[in-house]
Amino acid sequence: MLKSRHRAQLRARSLMLLTTVSAAAMMVSHSAVAAEQQLAAADQLADASRLEEIVITGRPLADSQAQALLIQRESSSLVSVLSADAVGNLPDQNVAFAVGRLPGVAIERDQGQARYVNLRGAPVYWTTLSFDGLSVVSPQGRDSRFDNIPSAIASQITVEKAILPSMPGGTVAGNVDIRTRRAFDYDGQKITGKLAAGYVKLGGGMEYDSSLVYSNTFSDNFGIVAQGSFYSREMATDNWETDPYLSNTFEPGERYAREHENKHYRLTRQNISGSTRMDYRWDENNGVFASTIYTLYHDDELRDNFIVRLDQGTDAAGNSYTSQAFITPNNPKQGTVYGARINARIDYRDTKEKMSTSTLGGEHMFGEWAASWRYNYTWTFDGRDTPVTAAFQSPSAFNLRPTIDYDLRDTGKNFITFFQTGGATAARSKGAQVANIEDFQFPATSVGDLWGGDVTLAHTAKLDLDRTVDFGGHETKIEFGGLYTTRIKKSRETGHAQTTFAAAPTWSTFVNGNTIGYLGTQDLKYTFRYTDKDFTTNYVKNLVSAGTAVKTDTSANFYKVGEDILAGYLMGTTMFDWGNVVYGVRVEHIKNDGRAYVAFPASGATPAETRLVDVGASDTLFYPSLHVNWDIERDLKARVSFTTSASRPDFDDLRPNFTISDSNQSISGGNPTAKPEKQMGVDAYLEWYISQTSYFSAGVFYKDIKDALVQTSRVFGLDTLDTPTLDRSGYAYTAVGNAGDGNLKGVEFAFTGNIEDLVEGYNGPEWLGGFGTNLSITATDSKINLAALPGVAARSIPLLGSSDLIYNVQLTYEKYDLSVRLAYQWRSPWGQSIGAYRTIGGALYPVDNGDIYWDSDEELDLSVRYQVTSNIEAYFDAVNLTNQGARRYGDSDLYPIEYEKFGPRFIGGVRFNF
């Protein structure tokens with residue numbers, strides 16, 4: 001029997017488990033279980049011996065792991081789960097980082113912080129996002145961002161890897177469902193939170209993290225929960241970029257860097273969230289709720305940027321950097337350029353990613369029928385505000401420009417050294433070394449601002465019905481429902497610029513006496529001073545208010561894309577002695593329409609003009625699926641799934657922002673008629689639940705890809721851009737379209753466990769039983785066949801976002817109120833984007849960078865927790881201990897185009913609960 005002091009806690013936990021097990025098992029639970037039935041079932045579950053150890057252990061890592069494994073085991077499809085405790089243990093505060101610990105999950109980072117989620121080697125746009133089972137669109141679009149969602153908002157995160165008919169057809173690799181907190185998770189009043197402060201080593205910035213959750217059930221019928229969180233981090237970066245690498249026709253295969261640059265970031269990154277939920281159950285068969293979630297992701301980014309255009313210089317004899325006379329005798333990785341040009345930039349970006357999603361819903365029982373309904377309104381904003389944008393450039397006289405020694409041989413460290421330039425035009429010489437880049441002249445050519453962003457509005461209505469029937473002597477749950485979603489995404493910008501000056505300001509003007517030098521650690525070979533934020537921002541404001549900086553034409557960046565989805569599904573779950581089978585089909589009708597400004601060139605008597613263009617398309621798709629869950633033994637489960645899905649083009653790709661060239665008879669831009677790329681998949685997994693906290697799984701997966709969305713070239717085929725005197729429908733058209741096919745296949749292994757039972761079995765010392773581990777490895781192989789383009793034959797590349805190998809290693813220790821986790825993540829290189837190529841002498845060479853790849857990525861983190869009392873926990877997290885650089889390269893790892901480091905960071909504080 002459980003001790004009485006654990007009863008209330010376990011009863012509340014068990015109630016939450018019942019709810020979350022149901023959600024994971026059915027992906028979105030459509031059954032309404034009455035309040036009293038839930039409480040009674042929770043008490044029964046609390047008495048079950050298999051749950052007794054979960055609470056009695058008093059170990060948060062093992063406790064949360066046991067909850068997660070129970071949910072996974074009872075699920076009717078393939079899922080991985082993180083409980084609230086598990087999220088709290090991880091040494092970062094956003095959902096992307098937390099999910100990255102799970103098997104088959106890799107993450108992509110921005111400024112060293114986890115942002116996107118790759119599931120089992122798939123592109124980021126194949127992963128969808130939902131809150132409490134209801135899908136939402138990220139502010140950025142189909143590429144779901146997870147760094148703007150603090151982990152404090154979640155009580156549970158479920159990664160759904162196998163697609164059910166009740167899930168959106170756009171879910172391809174899987175869905176990340178965030179279960180928010182609700183009042184009836186606990187009895188009575190509950191207050192939890194954390195306060196922490198830390199230090200960022202690179203740049204010496206501070207880090208702060210805090211959250212507070214208040215929950216209360218004021219009666220058996222009504223409860224409320226409210227949550228808020230705040231996170232802030234000051235940081236700087238080590239950065240260099242060398243790109244693009246230009247191929248030449250004199251020596252095919254030799255590639256020369258056009259420019260080298262350093263982006264000197266000073267950045268304050270913030271995550272703010274707030275949510276409320278009210279639940280009301282007026283009887284045992286009916287309940288309603290209202291919830292709202294708000295998140296704000298804010299980057300206050302100051303970027304001082306020095307760009308050295310090597311291609312604007314010459315050799316000592318005055319031969320151009322891109323000429324055969326320069327290229328043939330020189331080493332493209334090391335050399336000297338005389339009279340190179342400095343292009344400098346100041347960009348202050350005040351980027352805000354906002355999301356507000358509000359839901360009204362209910363659960364009802366009508367005899368044998370259960371009904372679930374939802375109405376949701378979601379508003380998102382993807383901001384691009386830039387209060388300061390300024391460009392600088394060296395004068396045309398070569399002797400006022402620097403001579404540059406460039407050394408690009410080390411793929412982890414590229415650098416340049418500055419010298420004065422002397423001599424005559426055809427006999428240039430290298431003068432004395434210049435240590436301070438501000439000693440060179442590079443006056444401003446443009447100073448201004450830019451304001452705007454993308455707004456997405458979405459309304460969703462959803463109804464689900466289910467009942468249990470006898471089907472051929474087998475208990476069968478029949479579920480069906482419908483959904484209607486209407487979304488609009490629109491983009492607007494406005495800006496100002498001054499481009500003519502009586503006396504152009506210089507870099508020193510905006511430094512304004514600031515004495516702060518480089519905050520990074522790399523050997524730049526030069527010194528500089530950061531610009532003064534307040535002075536520079538006010539300088540631009542004054543230009544705008546005085547009318548000196550005039551409004552710029554940003555109409556080309558306007559677009560409005562609409563999407564209406566009408567969906568229905570039918571799904572059955574039939575129970576057998578050996579397990580169950582889940583089967584069904586989903587149908588979706590999608591209608592898209594787009595509007596954008598297009599600049600029409602003059603044609604005959606028709607003058608040039610800019611006008612709005614409207615284009616639309618529609619499609620109907622069916623998604624059948626089948627899932628077999630076989631309980632081979634009590635603790636051994638086999639799963640086989642057959643699924644279909646389709647990923648739609650992103651809103652940016654659907655916009656009709658066309659660029660017309662009558663002289664070349666060509667059109668480029670968006671593609672509002674692009675169709676979804678389609679996938680058919682199969683998964684086969686074996687799961688062994690060794691104990692409550694130990695688990696092993698092995699699986700294989702395969703996806704066949706048709707109509708892949710890639711860059712295409714074809715005949716335009718529309719009359720949208722025709723005039724009375726000119727037919728443009730036969731022009732060559734370059735845009736994203738459906739022209740590729742391919743596949744993705746892989747294997748996955750995962751193990752979670754500890755040695756406690758082993759130590760006890762051999763009568764070992766008690767302290768030794770605290771050691772445990774979480775291990776996972778995913779190996780994939782993928783291919784996308786790209787269609788031929790003009791002058792370029794068809795070719796094959798790996799699927800973007802797909803790493804050949806991903807593994808996670810976590811070593812844990814839990815004993816005597818101490819919890820320690822050392823976590824290591826590693827993934828092999830993966831593709832970011834598809835580039836342009838050309839054929840020279842029958843061989844294929846990149847036009848500039850070609851296909852761009854991220855190099856292998858690793859991170860090592862440490863988390864330490866100590867339970868001071870039953871209500872207070874002290875913790876310390878150390879993040880990015882290895883400080884591996886993030887490196888991108890173009891076409892080959894011999895040509896790195898970017899390298900950044902962000903430094904380790906450390907934070908400590910307390911968590912509390914009352």
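I counted Lys and Arg as positive and Asp and Glu as negative, leaving out His and the chain ends. I placed each charge at NZ of Lys, CZ of Arg, CG of Asp or CD of Glu. On that basis I found the mean positions of the 85 positive and 108 negative charges to be 2 Å apart.

I note that this is a predicted model, in which local features need pLDDT of at least 70 and side-chain atom pairs count only at pLDDT 80 or more, while totals for chains, interfaces and linings use all residues. Residues are numbered from 1 along each chain as its sequence is written, and side-chain values use heavy atoms, without hydrogens and water.

I next looked up the overall form. The C-alpha trace spans about 95 × 70 × 55 Å along its principal axes.

I then turned to the strands. The chain holds eleven helices and 47 strands, which are DSSP runs (H or I, at least four residues; E, at least two) numbered from the N terminus. Strands pair if DSSP finds at least two bridges between them. E47 (residues 905-913) pairs with E8 (residues 190-200) in the antiparallel sense over nine bridges, and Ala 196 stands opposite Gly 909. E44 (residues 872-879) also pairs with E47 in the antiparallel sense, over eight bridges; here Val 879 stands opposite Arg 905.
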